[in-house]
Amino acid sequence: MPVIKFIEFDGTTHEVDADEGMSVMEVAMKYDVPGIDADCGGGAVCGTCHCFVEKSAGSLPTVDPQEESMLGLRPDRESNSRLSCQLQVSNSIGDMTVKLPEFQM
Amino acid sequence: MNDKRDHIIPDSLTTPLSDLDVSDPRRFEQDCWQPLFRRLRAESPVHFQASSPAGPFWSITRFDDIVEIEKNTQIFSSEPTIAIVDPPPDRGSLMFIAMDQPEHDIQRRAVQPVVAPKNLREFETLIRQRTGEALDALPIGEVFDWVELVSRNLTTQMLATLFDFPWQLRHKLSEWSDAITSDERMTAGRGLTEDQRLDVIMEILEVFTRLWHERAGDGVESFDLIRLLQRDAHTANLVNDPKNYIGNLILLIVGGNDTTRNSMSGGVLFLNDFPEQFERVKADRSLIPSMVSEIIRFQTPLSHMRRTVTQDTDFKGHRMKAGDKVVLWYCSANRDELVIPNADRFLIDRSGVRNHAAFGFGIHRCMGNRLAEMQLRIVWEEALKRFATIEVVTPPTRLCHNFVRGYSHMPVRVQRH
């Protein structure tokens, strides 16, 4: 079972066992990790599950045009910005370290 | 169109769908819009209406269909406008809400920081203090208009705070907002003509051009919208592009005014209609943030957004032609039982409470959503500190409008703890 380490903006960390098949957003919601709002519930149409992927054991799927559109509007976008609803937990990606932004909007 | 107001609204359930005008604003005024939209969701979720005061248009009424269309910005354009009625042919898009990529993104990115939660924190203390003062000034035990003394008053103050607008002139902001949305073609003939609206737009431009020049280069460390625009490289010379300047201003004035104002009034009504929910939030104020999302869903202060088809396309088995208007009825999506169980019930702690359609989806999703939520949260936190009851004494007067869903009057009586 892959382990995801969430780091809140203030540095608080949460290390959780993630179920394969869930999205990183869903894992955060399941364990009540603060800092992800997920207003649209996982459709890549709100941008409020933005996160920064600091580390992943395997390589991540590419950013599709819809995700790119939403990320493009984030004032705090970085090169490792992702929408966590678009990242499926899998053994091929494996463990991840995910930083959470100062705010979601 | 003017004579429409005198006619009886056709019955939503017995009249053939082809004879019904989905955009008839009187259904919203009389709060009898729900049966028609329930019928459309069941019988004709992608519905073509051959004629209306604004011409033919498609009505999309299911939640998931709206999401799908909003994602497809190539086929479903936001230009030239986002309401059913068309702008004058020579005007073109003024606001980024009515622009497609890439121009939309450039303009939105420039103003978005003003409503980012990080910036909003700078304003929260001031907004809370002003909210408290307005609530403390309310008459106790007497009937007064919540729309006027609370909703309109507070949203105007908050907008003035964000613009750092001259305090004594702040009433102008809500007057302008009302005037701009008061299009005779959306209000069964009761609104302003295009020329009257243009006069208002010119007045806004004049005042804000003056404010821009007064502030340019004054070095004041302020987070107000005008100075933020001046500091951003993309918009530092926006004043020299009056069309875009006024477009952004109108978007923020209207976007930040009617919507929050009407949600502020709607919340009072819903808590009266569902008194057990009122008791729950009084007993547990930690429910306020969740209640705020539910208020926004239940109110859906903008009934729709419109898209325009850019090329012939099939959608759910329907042939749409280039140029067709497609109206996304958010008010209907927010009552869609396929996505929201017990959608006609106001439940302040429903699961997935944030997952509503009132802010829209995709790149045009409401930019000020966190500001709206903050304003409503503060109002309810401060109101519940002070008042044991907020009683709607007679039914509110609703707007006769097919875009802005709201109230012109709501008589209430409050009692202190």
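Analyst: Of the 14 residues of α10(B), 11 are buried, so this helix is largely enclosed by the rest of the structure. A residue counts as buried if 20 or more other C-beta atoms, placed from the backbone, lie within 10 Å of its own. The buried residues of α10(B) are B:Tyr245, B:Ile246, B:Gly247, B:Asn248, B:Leu249, B:Ile250, B:Leu251, B:Leu252, B:Ile253, B:Val254 and B:Gly255. They pack against α4 (103-111), α6 (146-163), α7 (171-181), α8 (194-215), α9 (225-231) and α11 (258-273) of chain B, a contact being a pair of residues with C-beta atoms, placed from the backbone, within 7 Å.

Helix α10 of chain B covers residues 242-255.

The model is predicted: local features need pLDDT of at least 70 and side-chain atom pairs pLDDT 80 or more, while totals for chains, interfaces and linings use all residues. Residues are numbered from 1 along each chain as its sequence is written, and chains are lettered from A and ligands numbered from 1 in the order in which they are written.

Chain A has 2 helices and 5 strands, in the order β-β-α-β-α-β-β from the N terminus. Helices (H or I, at least four residues) and strands (E, at least two) are DSSP runs, numbered from the N terminus. Of the 105 residues of chain A, 42% are buried.

How values were computed
Buried ≥ 20, exposed ≤ 12 C-beta atoms within 10 Å, placed from the backbone. Expected span 1.5 Å × (residues − 1). Contact = placed C-beta atoms within 7 Å.
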